[in-house]
Amino acid sequence: MNVEKLKAGDSIHYDGEMIIMRDAAQKRLSQFHDCPLDLKDKLVFYAGPAKTPSDSIIGAIGPTTSARMDKYLEMLFNFGIKATIGKGERSDLVKKLCGKYDGVYFLAPSGGAAALSQSVINHEILLFEELQSEAIQKIIVKDFPLIVAIDSKGHSIWD
Amino acid sequence: MTEKEIKEKVKQMIIVANTQINKEIKPFIDNYNGPFCNVLYDNYHISSSKGLPLCQDTGMVEFFCFLGIDFPLKRPLQDVLDEAVSEAYTKSPYRYSTVDDPLFERKNRMDNTPAIVHVHLVEGSHLEIMFLIKGGGSENLSRLYMMTPTASKETVVEQIVNHIEEAGARACPPLKVGIGLGGTSEKAMVLSKLALTSPISKHHDDPRYATLEEEIKSRINKLNIGFQGLKDGISCYSVHILTYPTHIATLPLAISVDCYLCRTGSVCFER
């Protein structure tokens with residue numbers, strides 16, 4: 001996905017890969033000098049899915065509060081990511097960083113985790129499995145609804 | 001009524017609260033036409049038909065128990081309710097969201113215990129239990145302000161509205177707001193949580209506080225936070241105030257909020 005073309009307020013349906021990580025995994029990553037996994041051009045989804053039912057690809061999944069992880073955003077951009085996905089407004093630092101690194105912040109629907117799980121077509125654990133729902137995971141999604149909250153120029157829907 | 005029957009009933013109610021949309025909330029979701037409205041509408045149908053939780057954050061379970069002194073109980077209520085939580089969460093596709101040590105290891109406990117249990121001893125031979133499925137996103141908005149005893153009604157309203165304006169979008173609005181006024185610091189916090197178990201339609205018995213609830217609700221709705229924090233639709237379902245006598249030098253003000261799903265339950269057991 002060419003995120004640089006997106007403008008704050010745009011609604012899209014995304015097909016492709018997302019890397020799931022949240023507070024605990026990012027705290028661990030911050031102790032590495034070189035990133036232990038390839039995050040180049042990835043979209044990071046701030047989430048911690050519920051348990052996977054036996055006949056399903058993944059359990060209920062939805063965004064968590066992004067603002068808690070603002071302090072790790074520059075680290076993620078330095079590791080090569082191009083977008084983050086979560087819920088809620090973020091600090092002014094995030095607008096500055098999105099402008100600096102040509103990155104984007106997307107909102108995903110919050111409190112719609114049973115419905116969103118139906119958009120996931122593949123799921124695997126990548127790293128820190130012992131963190132359970134907070135492990136770093138990879139999902140492939142189809143028709144996943146997103147809204148551009150902060151674009152790569154640093155413009156925000158809350159401005 | 002045995003402890004096992006209490007556990008089984010509470011377990012079933014936890015499952016209902018996690019998967020079935022709150023009946024008072026359903027019309028608000030059905031009437032919302034803004035961003036992501038289809039996802040929210042589909043969500044409660046899918047959760048119900050597939051047994052998936054409405055939200056991936058299946059919370060900590062907070063119980064408010066009113067235990068009649070003549071109600072026969074042979075085991076600690078905490079143990080019975082922990083078993084209900086553990087069985088509901090290990091047997092359902094919910095998330096284990098509790099960690100053992102809060103600061104150092106933060107190792108997942110893998111059964112979502114402990115429940116947070118508040119027990120009030122009352123007259124009678126019944127056991128009334130109310131609970132909240134309380135997610136972390138809304139819990140992080142809990143606040144305690146030790147106001148001065150001379151604070152005016154206006155100052156109290158400003159404090160509440162300012163807090164919701166600053167942080168409300170992070171807790172999946174529209175919000176139910178619980179206010180604890182008076183008592184001591186911890187009493188006010190517990191009252192603000194207990195207030196969240198109130199049905200939306202319920203108002204304070206004292207007309208002055210009922211009016212205040214409406215005033216705060218109206219002020220929050222004027223903030224135009226909206227569903228999903230996207231400025232579309234209402235911002236607040238209701239405000240519920242619970243009060244308690246307090247010290248001449250204090251006026252504790254506690255604020256708790258519940259997310260748009262308002263996952264609650266209540267049950268009363270008779271001896």
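**Notebook: a look through chains A and B**

I started at B:Pro114, which I found in the loop between H4 and S2 of chain B; helices (H or I, at least four residues) and strands (E, at least two) are DSSP runs, numbered from the N terminus.

Ground rules before going on. This is a predicted model, where local features need pLDDT of at least 70, side-chain atom pairs count only at pLDDT 80 or more, and totals for chains, interfaces and linings use all residues. Residues are numbered from 1 along each chain as its sequence is written, while chains are lettered from A and ligands numbered from 1 in the order in which they are written.

Most residues other than glycine have a negative phi, and most peptide bonds are trans. With that in mind, I noted another cis bond, from B:Pro173 to B:Pro174, with omega near 5°. B:Pro174 lies in the loop between helix H6 (153-167) and S5 of chain B. In chain A I looked at A:Asp143, where phi is near 60°, a positive value in a residue that is not glycine. A:Asp143 belongs to strand S6 of chain A.

**Entry: domains of chain B**

How is chain B divided by the domain assignment? Domain 1 takes 3-135 + 264-270 and domain 2 takes 136-258; such bounds come from an automatic or database domain assignment. Taken over C-alpha atoms, the centres of the two domains of chain B are 22 Å apart. I then looked up their contact (two residues touch if their C-beta atoms, placed from the backbone, lie within 7 Å). Domain 1 of chain B brings 17 residues to it, and domain 2 of chain B brings 20. On the domain 1 side, the elements giving two or more residues are strand S1 (60-68), strand S3 (126-134) and strand S8 (264-270) of chain B. S3(B) has the largest share of that side, with three residues. By class, the domain 1 side has seven nonpolar, six polar and four charged residues. For these classes, Ala, Val, Leu, Ile, Met, Phe, Trp, Tyr, Cys and Pro count as nonpolar, Asp, Glu, Lys and Arg as charged, and the others, Gly among them, as polar.

Next I checked how H1 (residues 3-19) and H4 (residues 77-91) of chain B pack: the angle is about 45° and the axes are 8 Å apart. Axes are lines fitted to C-alpha atoms, for helices over the stretch in contact, and angles run from 0 to 180 degrees between N-to-C directions. H1(B) and H4(B) are therefore oblique to each other; under 35 degrees counts as roughly parallel, over 145 as roughly antiparallel, 65 to 115 as roughly perpendicular and the rest as oblique. Among the residues that meet here are B:Ile6, B:Val10 and B:Ile14 in H1(B) and B:Leu81, B:Ala84 and B:Val85 in H4(B). The contact divides into nine nonpolar, no polar and five charged residues.

**Entry: two sheets of chain B**

I traced an open sheet of four strands, in the order S2-S1-S3-S8 (chain B), with mixed pairing; strands pair if DSSP finds at least two bridges between them. At its edges are strand S2 (116-122) and S8 of chain B, each pairing on one side only. From one strand to the next the twist averages 15°. Seven bridges join S1(B) and S2(B) in the parallel sense, and B:Gly68 stands opposite B:Val122 in S2(B).

Another open sheet of four strands runs S4-S7-S5-S6 (chain B), also mixed. Strand S4 (143-147) and strand S6 (236-246) of chain B are at the edges with a single partner strand each, so one side of each has no neighbour in the sheet. S4(B) and strand S7 (residues 251-258) of chain B run antiparallel, joined by five bridges, with B:Tyr145 opposite B:Leu253 in S7(B). Helix H7 (residues 185-195) of chain B packs on this sheet, touching S4, strand S5 (175-183), S6 and S7 of chain B. Helix H8 (residues 207-222) of chain B packs on the sheet too, touching S5 and S6 of chain B, with its direction at about 140° to that of S6(B).

**Entry: chain A against chain B**

How many residues does each chain give to the contact? Chain A gives 31 and chain B gives 30. Helix H4 (113-117) and strand S6 (136-150) of chain A each supply at least two residues of the chain A side. H4(A) gives the most to that side, with five residues.
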